[in-house]
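Colleague: I would like to learn how to read the inside of a protein model. Please take me through the features in turn.

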Amino acid sequence: MRYSGVLVLLLALLASSVARNVPLTEQNQGYIVGGSNAARGQFPYQVSLRNLVSIHFCGGAIIGTRWILTAAYCLSGRAVTSVNAFIGSHLLSDSLLCPLSTFIVHPLFNENNMLNDIGLIKTREAIIYSSLIQPIALGSGHIGGSVIGIASGWGMTSEHGPLPENLQWVNLGTLTNEDCKIRLPPANAVLVDDSMLCTFTRTDEGICYGDAGGPLNSANAVVGIVSWGVQCAISYPDVFTRISSHRAWILANISD
């Protein structure tokens with residue numbers, strides 16, 4: 001299993017004085033820090049990606065009757081037959097299985113610097129919408145600083161605790177990319193690209209391992225996909241794939 005209990009480093013181990021930058025997809029090690037329990041129907045677009053023994057390892061968002069948006073890192077190296085998607089509930093044990101047919105990983109995804117960390121999943125059958133299952137719109141405009149977004153996911157709620165049964169969510173404030181680079185250690189700051197979006201609100205509040213692929217919602221549209229960060233809510237920004245930079249690619253691939 002790719003995401004076993006050992007941290008997977010995005011880069012070679014950096015000098016001890018530099019913070020480590022790791023993809024936020026560690027199975028059984030991540031959590032939304034400082035979050036709250038989601039209510040029934042609060043996030044009807046939320047998807048849980050799980051392995052064949054039903055362990056949640058990544059998030060996603062419904063964006064069409066046959067399409068789920070997630071991070072490329074969540075799909076890269078995995079066979080579609082090894083992943084199940086679950087939808088329709090804020091509770092892990094109450095959600096509905098949604099069989100999958102195809103993975104589309106961005107052809108320019110680079111696992112070394114996390115550029116183009118975006119992927120699409122086509123479902124085997126059309127998703128039937130209800131009050132608990134709805135798509136989220138794709139963001140189109142460029143998001144600058146001081147915008148409030150909502151991140152959601154089923155990561156752990158404490159460093160060594162179990163996965164939460166209840167979906168977690170947290171409000172996060174966006175940063176300009178310039179501000180983001182200033183707040184990150186130099187070795188991490190150089191990775192921040194215009195196609196990425198950063199958030200930071202305060203220490204002990206943010207996203208972490210296991211939340212990768214999950215949506216950042218602003219004004220009822222997905223504007224970012226959880227991608228990478230420096231450890232977990234320790235005063236550094238979280239980094240998302242910017243939807244506006246990849247909107248054309250998404251629309252081109254879901255048009256058929």
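The dialogue below covers cores, then a pocket and a cavity.

Modeller: This is a predicted model, where local features need pLDDT of at least 70, side-chain atom pairs count only at pLDDT 80 or more, and totals for chains, interfaces and linings use all residues. Residues are numbered from 1 along each chain as its sequence is written, and side-chain values use heavy atoms, with hydrogens and water left out.

Colleague: Which residues touch the most other members of the largest nonpolar core?

Modeller: In soluble globular proteins, nonpolar side chains tend to be buried together. A nonpolar core is a set of buried Ala, Val, Leu, Ile, Met, Phe, Trp, Tyr and Cys residues joined through side-chain atoms within 4.5 Å; buried means under 20% relative accessible area, with a 1.4 Å probe and protein chains only. Here the largest core has 41 residues, and those touching the most other members are Leu49, Ile63, Leu69, Leu120, Ile243 and Ile250. A separate second core, of 16 residues, includes Tyr73 and Trp228.

Colleague: What lines the largest pocket?

Modeller: Rolling a probe the size of a water molecule over the atoms shows where empty space is left. On a 1 Å grid over the protein atoms alone, a pocket is an open set of points with protein on both sides within 12 Å along at least five of seven lines, a cavity is a set where a 1.4 Å probe fits but cannot get out, and lining residues have an atom within 4 Å of a point. Among the residues lining the largest pocket are Ile87, Cys98, Arg124 and Glu125.

Colleague: Which residues line the largest cavity?

Modeller: Its lining includes Gln42, Phe43, His90 and Leu167.

Technical notes
Buried means under 20% relative accessible area, exposed over 50%, partly exposed in between (1.4 Å probe, protein chains only).
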